[in-house]
Amino acid sequence: MGIHKIEMEWLTNHKKIHVIMISSSFLILYIAVSVTSFLSAEVMDQLDYGNFGYVLLALEYLSFGFSCYIAGPLVNRYTSRKALPIGSLMNVLFVGAFIIPVACDTKKITTGICDKGVAGSILAISSIIGGCGLAILWVGNGSYIGECSTEETVNYNQGLFFSVFSFNAIIGNLFGIILLQTHGLRIAFYIICLLYTSDAADDTPCVDLGGRRLITN
């Protein structure tokens, strides 16, 4: 009984570490996503796209709402450990797409991919894909925390997740303010996009969010 109790205690602690890791991953992810979403409308307006930034955000969350219905079956089929990196990659695409108009404006290029019609289409498609990615991430996150929990610990683990996750608004806003004050709006936005897309989620056993790879198995 003593050995069994020790094994159960180790397993519980091991799963707590996984919950902390996934909570930290979502914290990092949403620091980038929240700051990008906050600045995108203003940046798009400064780049002469008008209110297109608000359209992109609407497309993202419209896609998120509809995709939640199909994310569940996908997570069940491919498991949360495979779904989470896929969802993060889709959000990397969403955030990374904003690099195009900012970089084109900086280099004064207006042809090819820098044409506003082409760039706008890429941004719209990436917003829809990003919304699908958010749905997969949130459904996968709920499934993963459930896998790491028992009936006695599921509420504790959910509370732990949201306690850590909620700090994204504080850290993200502070980070955004510092970049805005030191580099200006466009450069700050460009830096955030580059930081977020610095290392895509390319390893299945890992959750790689915002360029930081966290092992989940």
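Predicted model: local features only at pLDDT ≥ 70, side-chain atom pairs only at ≥ 80, totals over all residues.
Let me start with cysteine 68, whose sulfur lies 9.6 Å from the closest cysteine sulfur, that of cysteine 132, and this is too far for a bond, given that a disulfide here is a pair of cysteine sulfur atoms within 2.5 Å. Cysteine 68 is partly exposed, at a relative accessible area of 32%, where buried means under 20%, exposed over 50% and partly exposed in between, with a 1.4 Å probe and protein chains only.

Residues are numbered from 1 along each chain as its sequence is written, and side-chain values use heavy atoms, with hydrogens and water left out.

How many disulfides does a search of the whole structure find? The search finds 1, formed by cysteine 104 and cysteine 114, with their sulfur atoms 1.9 Å apart. The torsion about this S-S bond is about -70°, so the disulfide is left-handed.

Beyond its neighbours within four places in sequence, valine 118 is in contact with Gly112 and Ile113, contact meaning heavy atoms within 4.5 Å.

Now to the helix pair. The axes of α5 and helix α6 (residues 154–165) come within 10 Å and cross at roughly 135°, the axes being lines fitted to C-alpha atoms over the stretch in contact, with angles running from 0 to 180 degrees between N-to-C directions. The two helices are therefore oblique to each other, since angles under 35 degrees count as roughly parallel, over 145 as roughly antiparallel, 65 to 115 as roughly perpendicular and the rest as oblique. On the α5 side the contact is made by Trp138, Asn141 and Ile145, and on the α6 side by Asn157, Gln158, Phe161, Phe162 and Phe165. These residues divide into 5 nonpolar, 3 polar and no charged, where Ala, Val, Leu, Ile, Met, Phe, Trp, Tyr, Cys and Pro count as nonpolar, Asp, Glu, Lys and Arg as charged, and the others, Gly among them, as polar.

Terms used:
Helix = DSSP H or I, 4+ residues; strand = E, 2+ residues; numbered from the N terminus.
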